[in-house]
Amino acid sequence: MGEKAVPSLRRRVKRSCPSCGPELGGEEKKGRGNPISVQLFPPELVEHIVSFLPVRDVVALGQTCHYFHEVCDAEGVWRRICRKLNTKGLYFQAFGGRRRCLSKSVAPLLAHGYRRFLPTKDHIFILDYAGTLFFLKNALVSSTLGQIQWKRACRYVVLCRGAKDFASDPRCDTVYRKYLYVLATREQLEVVGTTSSRACDCVEVYLQSSGQRVFKMTFHHSMSFKQIVLVGQETQRALLLLTEEGKIYSLVVNETQLDQPRSYTVQLALRKVSRCLPHLRVACMASNQSSTLYITDEGGVYFEVHTPGVYRDLFGTLQAFDPLDQQMPLALSLPAKILFCALGYNHLGLVDEFGRIFMQGNNRYGQLGTGDKMDRGEPTQVYYLQHPIALWCGLNHSLVLSQGLDFSKELLGCGCGAGGRLPGWPKGSASFVKLHVKVPLCACSLCSTRECLYMLSSHDIEQHPAYRDLPASKVVGTPEPNAGSGVLQDPGGTAWACKEYLSQIYSCSTLQDRMEKMKEIVGWMPLLAAQKDFFWEALDMLQKAAGGVGQGPPTPES
């Protein structure tokens, strides 16, 4: 008689970490081989596999057991992840083209992080945290159609070392950036013929086209500076230098004569803001061609305006403008401490310690992002936009780099959209809208010129500003009960505005006109960019269902 085959019992090993022993398992299913655990693989192979996971998955896997915690915390895993992400770099997008994605430049691998950058007509300059100024040569070229295109900057040189800061013509048009002013520290001999030396600050002027140094001025060793900005025309270029003690000195040079081989005598003088207000310690400066903005260490803001036209655009009046004393600083009235700012040609943006954005100045193209085109003679808060990473103001448009709760970043813009400067919004917008640009994960600063949009991606040393929580008593627009009647008040006038919007919709004769009017009203309302996109998409769907042709998100016009 044949014996009946009896399935053999096998032991199933189940490990949660190397310290766990074998456990008895049940009877194996038919056709199933021996179980293989990933923990039986060589550690180097497991680390290599884990390094291909996204960062969030690596963190989640490291929380499952002791074994994977050690694997996911290995130095080799994170070295491969950082090399794969390669977040450091300069990203670029040319305006006017069809490409909606940013192309990445070849950044200097020897750089110790990226502190700041400055594009010129043909090249790009990058300063790292070790004081090395890199010169990316021939980064931009013109195509056969006349458009600016990116040429991968495979060659870069070190322009100078020991640099603290650098500046060029403050106008947005890179054509005017002929010279580069570098604030640096150099060793100078104390006495001629001796070997002893001491460190002295100096300003070196380079030609942006070739990187050749054409001018140098050295200061006394007792004066130490940390920032340099430029203001004024080429023939009367004023260099403003900020000392470590918070004082501001200025000197005037003639750029049209810098390339001539001759000696110059310049006079370094204390700026009026430091001379008339000696108790102020200036923390940072910002400038354009005709105005300068100072932020003190206590968060106060002081303004210098040198032309009557820009003064009228910024403050709406010429009542306090004195053409004979253009350096007299004007204090701006603000509700909280200011952390950083952005200064355009005739408008500005301020960010306070609570992450609130305040805009002021000319609003002809809607560059203040307030939803209308009315000028603001004093700082006005943009309520629907908070906690920005970076803020930038240009000739007639503004950009904000923000971060969501999931750490994803997006770029918002408002103002004039001519020339493609607001990608996805060729007609512009009077409110901050989400631009059709893919933002790098570690983007930390941005800059826009007439031809291009730049974003610097770096996460090395400096962190984003830590905003404080706004107290409930200072939240503007929160309905509060009336002590007399017990009825909720409406300090922002929201109810009146909604009634006005409804009356405008009722005045339209056809359904299609009402849809278009509703789209415009959505653009006027102080909503988040995602909320506006939702309403516009929903209105497009309703319009198509009603038999109309869906139009894209319109430009809100006042």
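**Reading the chain, its strands and its surface**

Analyst: The chain contains nine helices and 30 strands. Please bear in mind that this is a predicted model.

User: How many residues does the chain have, and what share of them count as buried?

Analyst: Burial is judged from relative accessible area, with under 20% as the cut-off. Here the chain has 558 residues, and 44% of them count as buried. As for contacts with a separation of 6 or more, 48% are made by residues 24 or more positions apart.

User: Let us turn to a strand. Is β27 largely enclosed or exposed, and why?

Analyst: In a regular strand, side chains alternate between the two faces of the sheet. Strand β27 covers residues 409-415, and six of its seven residues are buried, so the rest of the structure largely encloses it.

User: Which strands pair with β27, and in what sense?

Analyst: Strand β26 (residues 397-403) runs antiparallel to β27 and is joined to it by seven bridges. Strand β28 (residues 429-434) also pairs with β27 in the antiparallel sense, over three bridges.

User: Now a single residue. Where is S287, and is it buried or exposed?

Analyst: S287 belongs to strand β17, residues 282-287. Its relative accessibility is 15%, so S287 counts as buried.

User: What is S287 in contact with beyond its neighbours within four places in sequence?

Analyst: Its contacts there are P170, V229, L230, T292 and L343. With L230 there is a specific approach: the side chain of S287 reaches the backbone oxygen of L230 at 2.7 Å. Sequence distance and spatial distance should be read separately; S287 and V231 are 56 residues apart in sequence, yet their C-alpha atoms are 6.3 Å apart.

User: Finally, which residues form a nonpolar patch on the surface?

Analyst: The patch consists of I36, V38, L40, F41, L45 and I49, which together have about 520 Å² of accessible area. V38 lies in the segment before α1 (43-50). With a relative accessibility of 31%, V38 counts as partly exposed, because that class lies between the 20% and 50% cut-offs.

Conventions: Residues are numbered from 1 along each chain as its sequence is written. This is a predicted model: local features need pLDDT of at least 70, side-chain atom pairs count only at pLDDT 80 or more; totals for chains, interfaces and linings use all residues. Side-chain values use heavy atoms; hydrogens and water are left out. Patches are made of residues with over 30% relative accessible area and no salt bridge: like charges are joined within 9 Å, nonpolar side chains (Val, Leu, Ile, Met, Phe, Trp, Tyr) within 5 Å. Accessible areas come from the Shrake-Rupley method with a 1.4 Å probe; for residues, only the protein chains shown count as cover. A salt bridge is a side-chain nitrogen of Lys or Arg within 4 Å of a carboxyl oxygen of Asp or Glu. Helices (H or I, at least four residues) and strands (E, at least two) are DSSP runs, numbered from the N terminus. Buried means under 20% relative accessible area, exposed over 50%, partly exposed in between (1.4 Å probe, protein chains only). Two strands pair if DSSP finds at least two bridges between them. Contact means heavy atoms within 4.5 Å. A polar contact is a pair of N or O atoms within 3.5 Å; within protein, one must be able to donate a hydrogen and the other to accept it, and residues adjacent in sequence count only if both atoms are side-chain atoms.
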